[in-house]
Amino acid sequence: MTQLHDLRLRLLVQQESESIANSQPMDLDLSVVQARCLCWLALLAEAHEDQASDAERRGDTEQAMGWFADSMRLRDVIQVVSTIEIPLPAPGDTDSGEGSFSSEPPLAA
């Protein structure tokens, strides 16, 4: 069951990576990547909490504690990712890539 979960997770990450690459082939927007990562992390944390509840209902305390600990680690990662400041491109900048960031302080996503 764990291998199936890992395989499903890898497939979801691969699909999301391809989706980001296809939607932003020339100009990858890091704030979009960050937002999508936060969405996936929140879904994974919720799924782990559900697994912990299921294990607890079955009376498998050890498994429930493992799932719960994983969900807490994911919540910690969400906190870290959400505090990463990504500089936003200045309005009207071209796709040249040089000098494409504003002099304004970066905003957190």
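These legends describe close-up views of a predicted model.

**View 1. Helix α2 from end to end.** Helix α2 covers residues 30–58, which makes 29 residues. At 1.5 Å a residue, this helix should span 42 Å. Gly59 follows α2. The phi of Gly59 is positive, near 85°.

**View 2. The buried residues of α2.** Nine names make up this set: Ser31, Gln34, Leu38, Leu41, Leu44, Ala45, His48, Ala52 and Ala55. An α-helix has 3.6 residues a turn, so residues three or four places apart point the same way. Leu38, Leu41, Leu44 and Ala45 are among the buried residues of α2. His48 is also one of them.

**View 3. Helix α2 against helix α3.** Helix α3 takes in residues 61–82. The two helices pack at an angle of about 165°, and their axes are 8 Å apart. An angle over 145 degrees counts as roughly antiparallel, so α2 and α3 are roughly antiparallel to each other. Their crossing is left-handed. The residues of this contact divide into 15 nonpolar, six polar and six charged.

**View 4. Cys37 and Cys39.** The structure holds zero disulfides. Cys37 is in no disulfide, and its nearest cysteine sulfur, that of Cys39, is 9.3 Å away. Cys39 is likewise in no disulfide, with the sulfur of Cys37 as its nearest cysteine sulfur. A disulfide needs a pair of cysteine sulfur atoms within 2.5 Å. Cys37 has 35% relative accessibility, so this residue counts as partly exposed.

Terms used
Residues numbered from 1 in each chain as written. Predicted model: local features only at pLDDT ≥ 70, side-chain atom pairs only at ≥ 80, totals over all residues. Heavy atoms only, no water. Buried < 20%, exposed > 50% of the residue type's maximum accessible area, 1.4 Å probe, protein only. Helix = DSSP H or I, 4+ residues; strand = E, 2+ residues; numbered from the N terminus. Expected span 1.5 Å × (residues − 1). Axes fitted to C-alpha atoms, helices over the stretch in contact; angles between N-to-C directions. Parallel < 35°, antiparallel > 145°, perpendicular 65-115°, else oblique. Left-handed = near helix turned anticlockwise from the far one by under 90°. Nonpolar A, V, L, I, M, F, W, Y, C, P; charged D, E, K, R; others polar.
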